[in-house]
Structure formats: C-alpha cells, structure tokens
Amino acid sequence: MNLGRFSMGIGDRFARQGRAQLSAFVEARHAGIDVTPVWNKSHREHSIVGSVPADVRREADAAVQALGWTGGYRVDADHIGLGTVDAFLAASDFFTLDVAHFIGRPAPEDDIRAFCSRHAALAREIALPGLDRPIVVTAAAIEAAARKFLLAVKEAGRTHRHIETARGADTFITEVSMDETDLPQTPAELLLILAAIADERIPAQTIAPKFTGRFNKGVDYEGDPEIFAREFEADVAVAAFAAREFGLPAGLKLSVHSGSDKFSLYPHLRAVLHRTGAGLHLKTAGTTWLEELIGLAAAGGEGLAVARDVYAGALARYDEMVTPYAAVIHVRRDELPPVADVMRMSAFDFTSALRHDPRNPRFNSQFRQFLHVSYKVAAEMGRRFPDALDACEATVAGNVRTNILDRHLRPVFG
Ligand SMILES: [Zn+2]
C-alpha cells in the first residue's frame, strides 16, 4: 500500500467541505501537480465536534464519487494511541501513531543495552548526499537517544501491531508522529529514532519529527525559515539513508504537521523537494474551518451574523477554547478585538481580519489563531451553523478551494 510521493492532510472539522477540498486536488492534477488527499481528523477534534470516524470516511468516499477522482486518497486516524485507536479501525486506512508523550520516559535497561549494541556501528561521521556536513553520531548519542525515544517507539510498535491484527498487514499507511512535544529532534536523533522504528518492524511511510521553531495553529511559522530549511534538508537526507540502511519502506518521507499555513516555509520546502526528489506529507488542520467562517462572513446577512456569533460565544469561554491546544497556540488575549467591535464588523472587515494574507494590514493573526480553536461554539449551534453553510455554499466552497489550491498545493508542490 503506497501513499505516493506527495500527499496532503486536509482536516475538515465538520465534514462538509470534502467536495470543495477535493476540487482543489482535481485542479492541481490538471496543472500537473499530483498530490494524494488525506482526510485527517484526530480523536480530540471528534470529541469536541461530536463526530465519529465513519463520518470522515463517508465524506471522503462521497467527494471522490461526486468528482470522479481516480487517484488515491486516504482517511487518517490522526494522533491516535492505543487508548483511542479502536474507534478508528474500520473507517481509517492511514494511522498517525502519536507517541510524543512517551518521549523521555526510560525504556528497560536491557532494551537500551540491546539497542546500543545492535547499532554500535552507527557511531561515526555519516556523510550524506547533498549535505555540506556529515551527521555525527557517537556512542553516547546512541545511548542518550535510546533513553529518550526507545520507549516511545516501542509504544508505536505495540499500537501498530494492534492495528495490524485488527485490519491485516499492508491494508493501511503508518505514520509515526513525535511533533507535539517541547524539544525539537536533531537529524542525528531522527536517524536513531528510525533505527528503532525499523527494529520494531513498523513499516512507517511517514515520520513527523518536531522541527525547530514554533508551529502555532493557523498562522505563519515563528522562527528562522533558513534554519528550518537546513534542518529539513538534513532530515530528508537522513530519511533516505535510513530507508536503505534499515530496510524501511523505500518511499519513507517526512510529514510536516504544519498547524496549517506555514507560508514562509513553503518556498524552502518546495526548493528541497525539487533539489532532492524527496516526497512530503504536508498535514493541515483547521485551515478549511477558517475558510468556512470567511465564506460565511463574505456572504453577509445571516452568514456574517453566524461568524460574529462564533467569535462572541468563544471569547466568553476563552479558557475552554484554548486549553486543549495550549501547546500549539500562542494567543495574546489582550490583542483580540472586543466583542462589540466584532459585532460592528462588515463582511469586508471580518474577512480581511481573518483571511491569511500577511501583506494585508487588516489581517489579525491573534483573531485568526483564536478562531482556529473556537470551532466548538459552531458545533453547539445546532442546525444554525450547517444551515448557514448550506445557504452560503457558493462563497464557502470557493474560499475552501482557493485556499487549498493557491495557498498550499501550488506553493509547496507546484
Ligand atoms: Zn500533528
């Protein structure tokens, strides 16, 4: 089972924009940009919205049928673990094994010793094609990596075996994710993590390390894009080396969990992909939900009223909205506009503040970041929210499609 060289995770919180999302991939394909769509949704999102994994499967299948999509597509059980995976087994054919919270917990001493002796030969300077400097691995680094990551990889192994037992081998794509943690992983650490993944016989096709810098939800990268680019290129070289050296799947590629809209990184990603021929899984989530709000606001009338009310309702429950996402957002509350101001916003004001156009002086990244995590309020509106989406379908779908096509697919994969 193959994911293809390029793939993109498209979260859709309310499972209503599948066709609009897929139409962006159709258009990209006409332009020669071949990217596999992956509908991803986490346990966290399902529990906040009150949806189930079968809803995502239904959405994806319906979109594919409606548009006659003949390419591959996947449904991703995003950020699952042993405790949450069972609900996803039937509906998903892509599993993101999130073991970040096992990082730093020590594995049994025997396991650590076994890992160190099995991989002792990696303690050297490893020159990789395309890199100016070799990856330096020492015996001490191997042991430190084992202490930090081995238990997490073993947990990924247990989860993978659990899925494989339930579904059968080679019926799903496996990703290992370690991105939702505090400290970035170095290329040398990534190499040792991949050695451990191979030892566990996890046929990982994608790996999501934690990169340098901050990936806050819905807004641009915080950090130096040049430093990110060097790290990303080294990680690409490491992944290619590890696939050969350890017998991992040949198409093994990096997964960048973008938290959406890391526009300043996109030219760098694109350049590395062109230079190296590497693949990429770019995972977004929430960017479509924000386009739903933009489409509603742009329509004016009841659509705009719904968008304003989502903000007012969310601001009144600020802590409840931001707490589940504390590690991946950085909202400066005092820079959020007062509710009274938002209630007076025109369609133009609201969409200008929310649409991710860094060159627009009216763009408000705090407003955007906060609304990114405020979808629970829309989920609680009963019929009002989906009815408004139906009534404003043309402006909503247009915004969803343009966002994926022109702000993500073309800049990264084009
Ligand atoms: Zn993620």
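This is a predicted model: local features need pLDDT of at least 70, side-chain atom pairs count only at pLDDT 80 or more; totals for chains, interfaces and linings use all residues.
## What buried means here

A residue counts as buried if 20 or more other C-beta atoms lie within 10 Å of its own, as exposed if 12 or fewer do, and as partly exposed in between, with the C-beta atoms placed from the backbone.

Residues are numbered from 1 along each chain as its sequence is written.

## The whole chain

Let us begin with the overall picture. The secondary structure of the protein chain comes to 17 helices and ten strands; helices (H or I, at least four residues) and strands (E, at least two) are DSSP runs, numbered from the N terminus. Along its principal axes, the C-alpha trace spans about 65 × 40 × 40 Å. A compact globule of 414 residues would have a radius of gyration near 22 Å, and the protein chain agrees with this at 21 Å. That radius is taken over C-alpha atoms, and the globule rule is 2.2 Å times the number of residues to the power 0.38.

How much of the chain is buried? Of the 414 residues, 49% count as buried. Contacts tell us about the fold too: two residues are in contact if their C-beta atoms, placed from the backbone, lie within 7 Å. Among contacts between residues at least 6 apart in sequence, 79% join residues at least 24 apart.

## Two domains

The chain is divided into domain 1 (6-287 + 406-413) and domain 2 (290-392), with bounds that come from an automatic or database domain assignment. Their C-alpha centres lie 29 Å apart. Where they meet, 20 residues of domain 1 are in contact with 21 residues of domain 2.

Helix α2 (residues 43-49) gives the most to the side of domain 1 that touches domain 2, with three residues. By class, that side of domain 1 has five nonpolar, seven polar and eight charged residues. In this sorting, Ala, Val, Leu, Ile, Met, Phe, Trp, Tyr, Cys and Pro count as nonpolar, Asp, Glu, Lys and Arg as charged, and the others, Gly among them, as polar.

Helix α3 (residues 53-67) has 15 residues, which should span 21 Å at 1.5 Å a residue; its end C-alpha atoms are 22 Å apart, which agrees. The expected span of a helix is 1.5 Å times one less than its number of residues. Which residues of α3 are buried? They are Pro-53, Val-56, Glu-59, Ala-60 and Ala-63. Seen down the axis of α3, these buried residues fall within an arc of 120°, so they line one face of the helix. The arc is that of the directions from the helix axis to the C-beta atoms.

What covers the buried residues of α3 includes α1 (18-30), β2 (36-42), α2 and β3 (74-80). The face turned away from the buried side carries the exposed residues Gln-65 and Ala-66. After α3 comes Gly-68, whose phi is positive, near 65°.

## Helix α10

Gly-303, Leu-304, Val-306, Ala-307, Val-310, Tyr-311 and Ala-314 are buried in α10. Seen down the axis of α10, its buried residues fall within an arc of 160°, so they line one face of the helix.

## Some single residues

Back to Thr-287, which is found in helix α9 (residues 287-299). Leaving aside its neighbours within four places in sequence, Thr-287 is in contact with Gly-218, Ser-260, Asp-261 and Asn-403. Ala-144, in helix α5 (residues 139-167), is partly exposed, with 14 other C-beta atoms within 10 Å. Ala-144 and Cys-116 are 28 residues apart in sequence and 9.6 Å apart in space, C-alpha to C-alpha.

Asp-170 is found in the loop between α5 and β7 (173-177), and its phi is near 60°, a positive value in a residue other than glycine. Asp-170 is exposed, with 9 other C-beta atoms within 10 Å. Arg-201 sits in the loop between α6 (187-199) and β8 (206-208), and the phi of Arg-201 is near 60°, again positive in a residue other than glycine. With 12 C-beta neighbours inside 10 Å, Arg-201 counts as exposed.
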